[in-house]
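The sequence and the structure are shown first, and the description follows.

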Amino acid sequence: MTINETQQEIIDEFSEVDDWMDRYAMIIDLGNSLPPIEEKYKTPEHLIEGCQSRVWLNAEERDGKVFFTADSDAIIVKGIIAMLIRVLNGHTPREILDADLHFINDIGLAENLSPTRSNGLLAMVKQMRLYAMAYDMRNRNANE
C-alpha cells in the first residue's frame, strides 16, 4: 500500500466520526495498538526533542525500507506517532522524504491539538524524516 493510500484510509476512518472527543478516542486506540518499543531504545538518544511528552523513536532499514518503532508516556501522543508509523512504515527512505503528509490537516488533527502538541507532532515528523534522510544518504554513498 502506498503512503497516499494509507493516508486516504485514515482520512476515510476519521470522516466517519464528527465529534472530536470520539476522534481522540480513536487516536488513543491507535496508540494502544502500537507494538511496544524494545526497552533498549528507551534512552535519551531515542527521545524526540521538541515534544513536551516523552517520545522514543527508533528506525531500522531492512531490504531498502524503513521500519519505525516508538512509544510515548502520553496516550494521545502515542496515538499520533502510531498514525505516523502506520503511514510511513515499510517505505523507502526516498518515499518518506517525498511524502506530503496531508492527512494531518485533512482529518483536522493539526487544528485540534494544543500548540505544544502541534510542536511535538512536527518534531515527530522531522525526526522520522531525519532517519529517512540518513538512510537515503548512506544508500547513495554505498552506490557510488
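## Order of the elements

From the N terminus on, the elements of the chain run α-α-β-β-α-α-α-α. The model is a predicted one.

## Overall dimensions and surface

A compact globule of 144 residues would have a radius of gyration near 15 Å, and the chain, with 15 Å, agrees with this. Along its principal axes, the C-alpha trace spans about 50 × 30 × 25 Å. Of the contacts in the chain with a separation of 6 or more, 63% are accounted for by residues 24 or more positions apart.

Buried residues make up 47% of the 144 residues. The accessible surface of the chain comes to about 7,900 Å², and carbon and sulfur atoms hold 50% of it. The charged side chains comprise 14 positive and 25 negative ones, and the centres of these two sets lie 6 Å apart.

In soluble globular proteins, nonpolar side chains tend to be buried together. In this chain, the largest nonpolar core has 45 residues, and those with the most contacts inside it are Phe68, Leu84, Phe103 and Leu109. At least two residues of this core come from each of helix H1 (3-15), helix H2 (20-32), strand E1 (55-62), strand E2 (65-72), helix H3 (75-88), helix H4 (93-98), helix H5 (103-106) and helix H6 (115-142). The largest share, ten residues, is supplied by H3.

Apart from residues up to four places away in sequence, Phe103 touches Gln7, Ile10, Ile11, Met83, Leu84 and Val87.

## Ile27 in helix H2

Ile27 has its place in helix H2. Its relative accessibility is 0%, and therefore Ile27 counts as buried. Not counting residues up to four places away in sequence, Ile27 touches Phe14, Trp20, Ile76, Gly79, Ile80, Met83 and Leu109. Asn89, by comparison, is 62 residues from Ile27 in sequence and 17 Å from Ile27 in space, C-alpha to C-alpha.

## Two loop residues

Ser53 lies in the loop between H2 and E1. With neighbours within four places in sequence left aside, Ser53 is in contact with Ser72, Asp73, Ala74 and Val77. Ser53 and Met21 are 32 residues apart in sequence, and their C-alpha atoms are 20 Å apart in space.

Asp63 is placed in the loop between E1 and E2. At 81% relative accessibility, Asp63 counts as exposed. The phi angle of Asp63 is near 50 degrees, which is a positive value in a residue other than glycine.

## Ala134 in helix H6

Ala134 lies in helix H6. With a relative accessibility of 44%, Ala134 counts as partly exposed, a class that falls between under 20% for buried and over 50% for exposed. Ala134 and Tyr24 are 110 residues apart along the chain, and 33 Å separates their C-alpha atoms.

Note on methods. Residues numbered from 1 in each chain as written. Predicted model: local features only at pLDDT ≥ 70, side-chain atom pairs only at ≥ 80, totals over all residues. Heavy atoms only, no water. Helix = DSSP H or I, 4+ residues; strand = E, 2+ residues; numbered from the N terminus. Rg over C-alpha atoms; globule rule 2.2 N^0.38 Å. Buried < 20%, exposed > 50% of the residue type's maximum accessible area, 1.4 Å probe, protein only. Contact = heavy atoms within 4.5 Å. Areas by Shrake-Rupley, 256 points an atom, 1.4 Å probe, with all protein chains shown as cover. Lys, Arg positive; Asp, Glu negative; His and termini not counted. Charge placed at Lys NZ, Arg CZ, Asp CG, Glu CD. Core = buried A, V, L, I, M, F, W, Y, C linked by side-chain atoms within 4.5 Å.
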